[in-house]
Amino acid sequence: MNIVVVGLSHKTASVEVREKLSIPEAQIEEAIALLKSYPHIEEIAIISTCNRLEIYGVATDIEQGVREISQFLADKAKVCLRELRPNLFTLLREDALRHLMRVSAGLESLVLGEGQILAQVKKTHKLGQKYNGLGRLLDRLFKQAISAGKRVRSETSIGTGAVSISSAAVELVHAKVDNLPDYNITIVGAGKMAGLLVKHLLSKGASKISIVNRSHRRAQELCRNFAQTEFNIYPISEMMQAIATSDLVFTSTGATQPILDRPKLEAHLTLDRDLMLVDISVPRNVASDVSEIGCVSAYNVDDLKAVVAANQESRRQIAQEAEVIIEQEVASYILWWRSLETVPTISCLRSKVESIREQEMEKALSRLGSEFGEKHQEVIEALTRGIVNKILHEPMVQLRAQQDIEARRHCLRSLQMLFDLDTEEQYS
């Protein structure tokens, strides 16, 4: 089972490193094609979120495959592999399976149990299929991981409470200010995370909220989800005017370069007005130099860790329940993978029996003569096929279900000998 995962996350790398390795959806096709062009990579899938970049691969050689994926990441970050390596983690075979299922279940997230990651795993699977990155092993693995994520959320209460980066950002702000309902708040962006920001801000009593977005239609759609609240909507060209009248600004866009920096803020802010900036995007929307402005306090996704830690303990017991589900799903995948060993023998046996059936059918029909009706031929065809399928069904089910590897291999060798099967010739 030559499945590997090489990547980095909020646990292994700072936001400065993670943003260098973020792969936008528009670049996924190119990245998959490049990785699959490497000599030891057969299948590939890429999860890229604000808190992780993970590349799952099936390699003809584990060591070479890991080296090729690692070099791809170093090239992407424009650093030497030696410099990048301390930020990377590598997991092989069963550990790689388990990790993906834990990711899908939210057990590896910054906010334990967050729900958004499951949708991101589904998106990775969809893009992997669309761009021909997935083969039989990864396709099945991602389907199993999605199943694991759904089960954890439906069979445990791990998803209750504040379980997203957006909710953690609002919790951070709520802990630092005394009068959030009086704050003029601007959200730059109108995607899913922005929608979650609005939801959690409203739950804390905030009401004076402005939305800045490139697409006016998208901003209107977000606002329609909260019909009880009045919003101000600004085009991106008026972003700085909106920020200049704000006490608190959240940024949540897909921009690949900072949209706010020190010169831009200094040109529009009055230094007697405090401004809090909370950037929940990776790559970052806010440049690090804004902290040099005396009236500005700035936070990014790495600053949310303390908030998250306070919420984690209550979920740890629930997470143990989730681990049981994860192990069941891992075992299910391994059982399926082991059953693949039986496929060549089963296919070869079916082909041989079908060949015999067709030969005997042909002999019987030639004896019956040309006057024998076509309808009768169809009946005999169905009868003989049914007999073959019934005879083969139970042995094949038992063979696939055999969990003892040596016992199953003994059965396979016995079948190959008894029926004189040449599986190599069939698959050459």
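**Entry 1: Arg 93 and its helix**

I began with Arg 93, which lies in helix α5. I am working from a predicted model, so every value in these notes is computed.

Arg 98 counts as buried because its relative accessibility is 18%. Which side chain makes a polar contact with that of Arg 98? I looked it up and found Glu 327, at 2.6 Å. Setting aside neighbours within four places in sequence, I listed Ile 326, Glu 327 and Val 330 as the contacts of Arg 98.

**Entry 2: another positive phi, and a cis bond**

I next visited Asn 132, in the loop between α6 and α7 (136-155). Asn 132 is not a glycine, yet its phi is positive, about 60 degrees. Asn 132 counts as exposed because its relative accessibility is 55%.

Where is the cis peptide bond I wrote down? It joins Val 282 and Pro 283, with omega about 0 degrees. I placed Pro 283 in the loop between β9 (275-279) and β10 (296-299). For background, most peptide bonds are trans.

**Entry 3: Val 296 in β10**

I followed the chain to strand β10, where Val 296 sits. Val 296 is buried, since its relative accessible area is 8% and the cut-off for buried is under 20%. I checked what Val 296 touches, not counting residues up to four places away in sequence, and found Leu 269, Leu 275, Leu 277 and Val 290. I also noted Asp 274: it is 22 residues from Val 296 along the chain, and their C-alpha atoms are separated by 6.0 Å.

**Entry 4: the buried face of α2**

Which residues of helix α2 (residues 28-36) are buried? I wrote down Ile 28, Ala 31, Ile 32 and Leu 35. Viewed down the axis of α2, these buried residues fall within an arc of 100 degrees, so they line one face of the helix. That spacing made sense to me: an α-helix has 3.6 residues a turn, so residues three or four places apart point the same way. I then asked what covers the buried residues of α2, and my list includes β2 (41-48), β3 (52-59), α3 (62-77) and α6 (116-130).

Asn 51 counts as buried because its relative accessibility is 6%. Leaving aside neighbours within four places in sequence, I noted its contacts as Leu 8, Ser 9, His 10, Arg 18, Leu 110, Ile 165 and Val 301.

**Entry 5: α8 against α9**

Ile 165 turned up again when I looked at α8 (residues 165-176). How do the axes of α8 and α9 (residues 192-203) meet? They come within 8 Å and cross at roughly 40 degrees, and the two helices are therefore oblique to each other. I noted the crossing as right-handed. On the α8 side, the contact is made by Ile 165, Ser 166, Ser 167, Ala 169 and Val 170. From α9 come Met 193, Leu 196, Leu 197, His 200 and Leu 201.

Methods
Residues numbered from 1 in each chain as written. Predicted model: local features only at pLDDT ≥ 70, side-chain atom pairs only at ≥ 80, totals over all residues. Heavy atoms only, no water. Buried < 20%, exposed > 50% of the residue type's maximum accessible area, 1.4 Å probe, protein only. Polar contact = N/O pair within 3.5 Å; in protein donor to acceptor, adjacent residues only side chain to side chain. Contact = heavy atoms within 4.5 Å. Helix = DSSP H or I, 4+ residues; strand = E, 2+ residues; numbered from the N terminus. Arc of directions from axis to C-beta. Axes fitted to C-alpha atoms, helices over the stretch in contact; angles between N-to-C directions. Parallel < 35°, antiparallel > 145°, perpendicular 65-115°, else oblique. Left-handed = near helix turned anticlockwise from the far one by under 90°.
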